[in-house]
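Thanks for coming, everyone. Please have a look at the structure on the screen, and then I'll walk you through a few spots.

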Amino acid sequence: SAARQRASDANRDRAREKRDRAYAEGLAMYPDLIKEPTFRDFICMYIGEGTKRGRHTVSLCNSDPTVVKLAQTWITRFSRNPVSYSIQYHADQSLQELRAFWSDRLSVPPGEIRFQRKSNSNQLTGRIWRSKYGVLDVRCCDTYFKAKLSAWIDLVKADWG
């Protein structure tokens with residue numbers, strides 16, 4: 001019906017206005033944040049390794065513990081919602097060792113780290129698995145953080161010319 005369509009349009013417009021305000025807030029925050037030692041590093045890593053699709057998810061996956069810790073630091077700082085962790089692993093890897101490794105590195109209770117088996121895991125026999133501790137995804141669902149992050153990405157890219 002027309003009334004439902006108008007309500008849906010109004011909700012969509014309100015959500016867009018909130019995202020636009022969060023983007024503007026991100027622009028305003030940038031001059032102070034860029035002075036912090038690892039902020040630009042995080043944004044650059046996100047440009048290369050972060051999730052680009054969708055308006056709601058902030059997610060960065062990597063196998064390097066230092067990169068994952070950097071992502072965790074900034075994502076947990078700005079997310080208003082819970083942060084989740086999942087490991088992509090191969091069939092020949094020990095789930096207990098993976099969970100213990102990442103739990104220790106990130107100071108996260110082991111039970112908060114989920115597993116996601118690689119779909120090609122059984123097809124890699126004979127291959128040496130370079131990601132000894134799997135690939136960890138640090139993720140949150142936070143539309144307003146994603147809007148701010150989009151502003152920060154735009155500003156870093158603008159610095160590049």
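Let's start with Q93. Is Q93 buried or exposed? Q93 is buried, with a relative accessible area of 12%. By buried I mean under 20% relative accessible area; exposed is over 50%, and partly exposed is in between, with a 1.4 Å probe and protein chains only. Q93 sits in the loop between β2 (83-89) and α4 (95-106). Helices here are DSSP runs of H or I with at least four residues, strands are runs of E with at least two, and both are numbered from the N terminus.

What does the side chain of Q93 reach? Another is the backbone oxygen of S131, at 3.2 Å.

A word on the source. This is a predicted model: local features need pLDDT of at least 70, side-chain atom pairs count only at pLDDT 80 or more, and totals for chains, interfaces and linings use all residues. Residues are numbered from 1 along each chain as its sequence is written, and side-chain values use heavy atoms, leaving out hydrogens and water.

Now the overall layout. The protein chain has five helices and four strands. From the N terminus on, the order is α-α-β-α-β-α-β-β-α. The C-alpha trace spans about 55 × 50 × 30 Å along its principal axes. Of the 161 residues in the protein chain, 36% are buried. Take contacts, meaning heavy atoms within 4.5 Å. Among those between residues at least 6 apart in sequence, 80% join residues at least 24 apart.

Next, α4. Its twelve residues should span 16 Å at 1.5 Å a residue, and its end C-alpha atoms are 16 Å apart, which agrees. The expected span is 1.5 Å times one less than the number of residues. Which residues of α4 are buried? They are L98, F101, W102, S103 and L106. They pack against β1 (57-62), α3, β2, β3 (113-117) and β4 (135-141). After α4 comes S107, with a positive phi near 55 degrees.

On to helix packing. Two packed helices are described by the angle between their axes and the distance between the axes. Axes are lines fitted to C-alpha atoms, for helices over the stretch in contact, and angles run from 0 to 180 degrees between N-to-C directions.

First pair: helix α2 (residues 39-49) and helix α3 (residues 65-78). They pack at about 110 degrees, with axes 10 Å apart. So α2 is roughly perpendicular to α3; that word covers 65 to 115 degrees. From α2, the contact uses F39, D41, F42 and M45; from α3, V67, L70, A71, W74 and I75. By class, that is eight nonpolar, no polar and one charged. Nonpolar is Ala, Val, Leu, Ile, Met, Phe, Trp, Tyr, Cys and Pro; charged is Asp, Glu, Lys and Arg; the others, Gly among them, are polar.

The angle is about 95 degrees, with the axes 10 Å apart. That makes α2 roughly perpendicular to α5. On the α2 side, the residues include F39, F42 and I43; on the α5 side, they include L149, W152 and I153. This contact has eleven nonpolar, no polar and four charged residues.

Last stop: E25, in helix α1 (residues 2-33). E25 is partly exposed, with a relative accessible area of 41%. From E25 to G50 is 25 residues in sequence and 21 Å in space, C-alpha to C-alpha.

Definitions and conventions
Angles under 35 degrees count as roughly parallel, over 145 as roughly antiparallel, 65 to 115 as roughly perpendicular and the rest as oblique. A polar contact is a pair of N or O atoms within 3.5 Å; within protein, one must be able to donate a hydrogen and the other to accept it, and residues adjacent in sequence count only if both atoms are side-chain atoms.
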